[in-house]
Amino acid sequence: KAREPDGGAQGFCVAGMAQPPGRGRRWCCCRRRRSELHASFLSANSDRGATFLSAASQVLDSFKAREPDGEKFDRLWGQLSQEQCHLLDNAYQIWQDRKEEAALSRLRELKTEDPSVAAAIAADPRLHRIAYQVGLLRFIHDQVGGEVPVRLDVPQLQETGWQDCSTPEKCNCFLRVTEGQAGKNAVTIAMEIETEKQVSSFRLVDTCTGESGDPVLISPMIFSTEASFWPQWFPFCLESTVLKAWAPNEHLTHLVLGIWAFKVDIVLYVYIRECLDSPEPFVEGIMASPPTVDGKFLGVEIPPAKKGTSRVTIPFQRIRGYPTGWNTLRIVAFAQMETSMSSLGWMACKVWKILSTRVIPMLVQRYEAQCKAQPVPAELETRMDAHVPMMNRMRERLNALLGEETDTTGSG
């Protein structure tokens with residue numbers, strides 16, 4: 001029987017279980033706290049404590065003994081009474097309303113009061129993903145020194161020894177190389193982009209026409225989450241293979257990137273959090289190279305590094321977008337990568353200087369060509385349909401934040 005990760009109310013956040021499998025899924029949006037970027041992160045030395053891989057492994061430690069068992073969960077859920085299902089639905093709805101601690105308290109009450117409900121919760125295969133997300137969010141919070149700030153403190157970054165890779169009038173980008181684990185080097189990135197400085201329009205919610213003739217709710221931001229399309233527009237991306245997709249905005253992907261004479265290989269877990277009801281509304285992407293047990297992550301086989309490539313580990317990447325208008329977004333990102341490659345400093349600076357100025361324009365250019373200049377291709381139309389619930393929720397919340405949208409052309 002799986003036990004909850006340690007950490008009290010902050011340590012266990014159940015997602016996607018408001019309904020049994022087949023009735024739709026939602027994903028984890030853990031407790032959020034507003035705080036500025038701490039000086040401790042900006043001035044941290046190479047001794048940063050446990051890496052993410054070890055931290056996440058500790059969180060997942062209690063689940064190593066078994067693989068996710070969907071059949072067992074289906075059977076246990078089927079044994080619950082209608083009242084018990086209703087109580088669970090209510091508890092998870094509390095979580096979906098972003099009242100995480102209240103939801104956790106209610107779930108623990110249900111587990112204590114009824115063994116059959118406790119067994120259904122413990123057997124849910126999504127519990128593994130939830131535990132991993134909790135460990136990942138904890139680790140990022142510790143590494144960044146709190147929540148992602150609305151703006152970077154550029155003077156403080158400059159004063160504390162970060163290398164300035166910024167491009168004037170386009171973006172602020174800083175990095176620092178430190179000694180990582182097992183002889184590897186770690187490069188940490190802090191970046192801020194105002195989309196209007198790079199493209200004329202970055203439509204947050206857009207409507208296009210699909211090959212079917214039906215309207216398609218879409219946006220460059222959601223288009224960018226489709227990993228199978230990354231080689232078509234993302235700088236340096238040569239190959240992208242989705243190993244597992246648990247939900248429209250949660251997947252495990254194997255990437256190969258070509259950076260000049262080098263090829264790097266990355267396995268990346270990705271999920272999206274829509275938090276437009278927060279005090280500082282945002283949408284963000286969380287990414288990391290996951291820990292493995294016997295060559296697997298949550299039952300998914302992790303492929304070895306491809307011949308001729310160097311495996312790069314991404315301890316974390318958090319890309320947060322703060323809406324500033326229907327066509328503009330402020331992006332604040334923190335990322336960390338580890339590799340045994342030499343000459344990491346100069347290469348990282350060049351790579352991130354390119355990424356910080358080219359990703360947004362190339363994304364919008366590809367989006368315009370594929371979604372605006374012609375009907376949305378059938379494959380992409382089908383994939384975008386899966387995002388409709390989140391897109392509708394985003395539109396509703398953006399209307400409340402920004403006022404009724406006046407331009408739906410998405411011209412850029």
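**View 1. Hairpin formed by strands E4 and E5 of the predicted model.** Thr-207 stands opposite Leu-217 in E5. Strand E4 spans residues 206-209 and strand E5 residues 215-218, and the two pair in the antiparallel sense over four bridges. Strands are DSSP runs (E, at least two residues), numbered from the N terminus, and two of them pair if DSSP finds at least two bridges between them. Five residues lie between E4 and E5 in this hairpin, and Gly-213 in the turn has a positive phi of about 90°.

**View 2. Buried and exposed residues of helix H11 (residues 378-385).** Helices are DSSP runs of H or I with at least four residues. Leu-380, Glu-381 and Met-384 of H11 are buried. They lie on the same side of H11 because they cover an arc of only 105° around the axis, the arc being that of the directions from the helix axis to the C-beta atoms. Glu-379 and Thr-382 are exposed on the face of H11 turned away from the buried side. Buried denotes under 20% relative accessible area and exposed over 50% (1.4 Å probe, protein chains only).

**View 3. The protein as the setting of both close-ups.** The protein contains twelve helices and 14 strands. Of its 412 residues, 55% are buried. Among contacts (heavy atoms within 4.5 Å) between residues at least 6 apart in sequence, 69% join residues at least 24 apart.

**Notes.** Residues are numbered from 1 along each chain as its sequence is written, and side-chain values use heavy atoms, with hydrogens and water left out. In this predicted model, local features need pLDDT of at least 70 and side-chain atom pairs count only at pLDDT 80 or more, whereas totals for chains, interfaces and linings use all residues.
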